[in-house]
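My entries follow the structure.

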Amino acid sequence: MMATGKIQKITIVGGGTAGWMAAATLSHHYRQHALQIQLVESDQIGTVGVGEATVPSIISLNQYLGINEREFVNATGATFKLGIEFCGWRTPGHSFFHPFADFGAPVAGLPFFPCWLKLHREGRAAPLQEYCLSAAMAKAGRFAQPDDSAATPLALYSYAYHFDAGRYARLLRDYAETRGVRRVEGRVTDVALNPHSGDIETLHLENGSQLDGDLFIDCSGFRGLLIEQALETGYEDWRHWLPVDTALAVQSRRTSAPPPFTRASATAAGWRWRIPLQHRSGNGHVFSSAHMTLDRARESLLSNLDGPPLGEPRPIRFTAGMRKQFWHRNCVALGLASGFIEPLESTSISLIQTGIEKLLQFLPELVPEPEKIREANRLNREEYERLRDFIILHYKLNGRDDSDFWREMRAMPVPDSLQAKLDAFAEDGRMLVYEQESFREASWLALYNGLGYRPRRYLPEVDSLDTEQLAQVLEKMRRAVAAGADSAPTHGEFLAQLEAG
Ligand SMILES: Cc1cc2nc3c(=O)[nH]c(=O)nc-3n(C[C@H](O)[C@H](O)[C@H](O)COP(=O)(O)OP(=O)(O)OC[C@H]3O[C@@H](n4cnc5c(N)ncnc54)[C@H](O)[C@@H]3O)c2cc1C
């Protein structure tokens, strides 16, 4: 068991997105404490070099750190993200949008979806996304900040960013170094454990120097230098549910205005991403190596770029899953060192953020307590498993029939926790919500509906509404959404206005 005295020195290994997010947040959070923070990273090893799409929680991190949105967008080449466009997941040629927003507004106190479903069954409803302002703006290539004081729920939505991860790490590095974090350049070659307690005691660097610490944060990426290689914490492998295990990543030149959304296009054995930044796009093809060769994946990636590639596609291999404990002995793993559930919903950076939040929540006075560590690990597992289920859903409900990959994904048994959700929704549109869900009901609905998975029945109360009146109310909403989208500036105009201040 780890020593239980007050932590005076924290040593972070790794200077990717995870390492610098941790350094920046910890240096700000514990600013009143006599705490030393040091971070060791190796330019020679480098970072994973991907991870550029986010979810809305990134906004609260920047706000917490006091980083101004305009400075952030300019410094990181960021664009705005209203959600993800899924192409070809239901059938080739079909697409749908997963916005960071609800669809429609309640009608006479009843939730919108069953009202829509009633009309849809009668062939009188427009597609669900036409009742969602952020989906309509995305379709039109437009973006505006949400007006939190808006009188109608139709005008409410969240947004996130696409950014250059290297530039973001650099911004956070400057932030952390200004607040006293010491950066050490060097490669850790050996990790010495205390022979009695089993805790990490000393890191040995290639140049012969040593680093000690009371708490170590492992941000060393997939290798898990401390949490796995030194502490042998163990990894839970989820490849039987999520068999994609290889990504090919390449950047390309921007030749047109950046769209305000990420695109995820299904391929024969996985999917391709397109992440638009101001100065370039990030692209990748994530696929199952058991179902597709690297050459074919490369060809599919390069022949679908929006602009000329800025290099050769780079392969990255991974195993979907999670570390059995993210906090083990005197070590906390963040980022890829703690697990990875494939990049489909851009959740990895938000998991770094919530990992840091758990650390801060359960270490308020810098004195570690075994019970709190157990609870932090329990919550972390819950969060990972809920995200895992949401990602599996995308594959399970696919409607493609053009390859073994998609047929196998449709036929596979899913975790009981997900099956229970699928069953409840299929029955009458009910949503089961567990602890530590990262994605709200609206997100599940976007996926269910986008993939054509509809309930057998809907709320009986909806039948008390007059169909004609319901049709009029929904039409009014649809028009309000269309007008709202029309009045927003284009995404390019919005970015130019922001840059000009
Ligand atoms: C294909 C793919 C696509 C992704 N897309 C997204 C996305 O769109 N959105 C999202 O949120 N996330 C995404 N992710 C995840 C995201 O890339 C990571 O969560 C994020 O980059 C954090 O990585 P990291 O800091 O944990 O690791 P890394 O970037 O790998 O950094 C590891 C650090 O450890 C250092 N290091 C390692 N070993 C040593 C050593 N021995 N001595 C000293 N230093 C060492 C390295 O030098 C480096 O600084 C994606 C991941 C993959 C694989």
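I began with the ligand and found one of its oxygen atoms 2.8 Å from a polar backbone atom of Gly15; I count a polar contact as a pair of N or O atoms within 3.5 Å. The ligand alone exposes 1,000 Å², and the protein buries 98% of that (Shrake-Rupley method, 1.4 Å probe).

The model is predicted, local features need pLDDT of at least 70, side-chain atom pairs need 80 or more, and totals for chains, interfaces and linings use all residues. Residues are numbered from 1 along each chain as its sequence is written, and side-chain values use heavy atoms, without hydrogens and water.

Of its 36 residues, Gly15, Ala53, Val188, Ser348 and Ile349 come nearest. Helix H9 (348-361) is among the elements giving two or more residues, and H9 gives the most, with three. Elements are DSSP runs (helices H or I, at least four residues; strands E, at least two).

I then turned to the domains, whose bounds come from an automatic or database assignment. The C-alpha centres of domain 2 (84-160 + 391-487) and domain 3 (251-317) lie 26 Å apart. Their contact (heavy atoms within 4.5 Å) takes 17 residues from domain 2 and 14 residues from domain 3. About 1,200 Å² is buried between them, 61% of it from carbon and sulfur atoms; buried area is the accessible area (1.4 Å probe) lost on being put together, summed over both parts.

Methods. A residue is near a molecule or strand if one of its heavy atoms lies within 4 Å of it. A polar contact is a pair of N or O atoms within 3.5 Å; within protein, one must be able to donate a hydrogen and the other to accept it, and residues adjacent in sequence count only if both atoms are side-chain atoms. Buried area is the accessible area (1.4 Å probe) that two parts lose on being put together, summed over both.
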